Amino acid sequence: SSKGESLTAERVHAVLRTPATCVLVARLDGKIVGMALLLTLTTFARTTGYVEEVVVDGAVRGQHVSTALMTALLHIAVNKGMDYVDLTSRPTRQAANGLYLSLGFRPRETNSYRHDLQQMAALGEGQR
């Protein structure tokens, strides 16, 4: 993402050490060309998954790398006994949205909210 922070080795290690995280890497001719991340979410009601950070090198787009990654993630989700898998995608990402629909994902009518905890942390620092 152009808005994301620089990825450090420490951050990669932290992600890979997290038991609820599964990272798949796609290789072509020995070169890493894509990755996708599946989070396992365990609640009292069920176990579900959330797909994040599906990324494919622009040089190999059209070679079905993202299809292979997503299909593999869905198989992992089934093997982990997940009831369903969610993801979000901006409407402007037409190719990605087409892929998700072709794999059986369906749009949901829901509101998606985010609370920026950095703002809260900054407020808390002033109150100490």
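Does L16 count as buried or exposed, and at what relative accessibility? The legends below refer to a predicted model, and the first view takes up this residue.

**View 1. L16 and the nonpolar surface patch.** L16 has a relative accessibility of 55% and therefore counts as exposed, the cut-off being over 50%. The residue lies in helix α1, which spans residues 9-17. Together with L7 and V12, L16 makes a nonpolar surface patch of about 300 Å².

**View 2. The four-stranded sheet.** The sheet is open, and its strands follow the order β1-β2-β3-β4 with mixed pairing. β1 (21-28) and β4 (85-86) are the edge strands; each has a single partner strand, so one side of each is left without a neighbour in the sheet. Strands of a sheet pair through backbone hydrogen bonds, in either a parallel or an antiparallel manner.

View 3. Strand β2 covers residues 31-42 and pairs with β1 in the antiparallel sense, over eight bridges. V23 has L37 of β2 as its bridge partner, and L24 stands opposite A36 in β2. In a regular strand, side chains alternate between the two faces of the sheet. Two residues lie between the strands of this hairpin, where D29 takes a positive phi near 50°.

View 4. The pairing of β2 with β3 is antiparallel and runs over eight bridges. Within this pairing, M35 stands opposite V55 in β3.

**View 5. The largest nonpolar core.** This core has 23 residues, and those with the most contacts inside it are L38, V51, M70 and Y100. At least two core residues are supplied by each of β1, β2, β3 (47-56), α2 (65-79) and α3 (94-102). The largest share, six residues, comes from α2. In soluble globular proteins, nonpolar side chains tend to be buried together.

**View 6. Surroundings of Y100.** Y100 is among the residues with the most contacts inside the largest nonpolar core. Leaving aside residues up to four places away in sequence, Y100 touches V54, M70, L87, S89, R93 and F105. One of these, M70, is likewise listed among the residues with the most contacts inside that core.

Key. Residues numbered from 1 in each chain as written. Predicted model: local features only at pLDDT ≥ 70, side-chain atom pairs only at ≥ 80, totals over all residues. Heavy atoms only, no water. Pairing = 2+ DSSP bridges. Patch = residues over 30% accessible without salt bridge, like charges linked within 9 Å, V, L, I, M, F, W, Y side chains within 5 Å. Areas by Shrake-Rupley, 256 points an atom, 1.4 Å probe, with all protein chains shown as cover. Salt bridge = Lys/Arg side-chain N within 4 Å of Asp/Glu carboxyl O. Buried < 20%, exposed > 50% of the residue type's maximum accessible area, 1.4 Å probe, protein only. Core = buried A, V, L, I, M, F, W, Y, C linked by side-chain atoms within 4.5 Å. Contact = heavy atoms within 4.5 Å.
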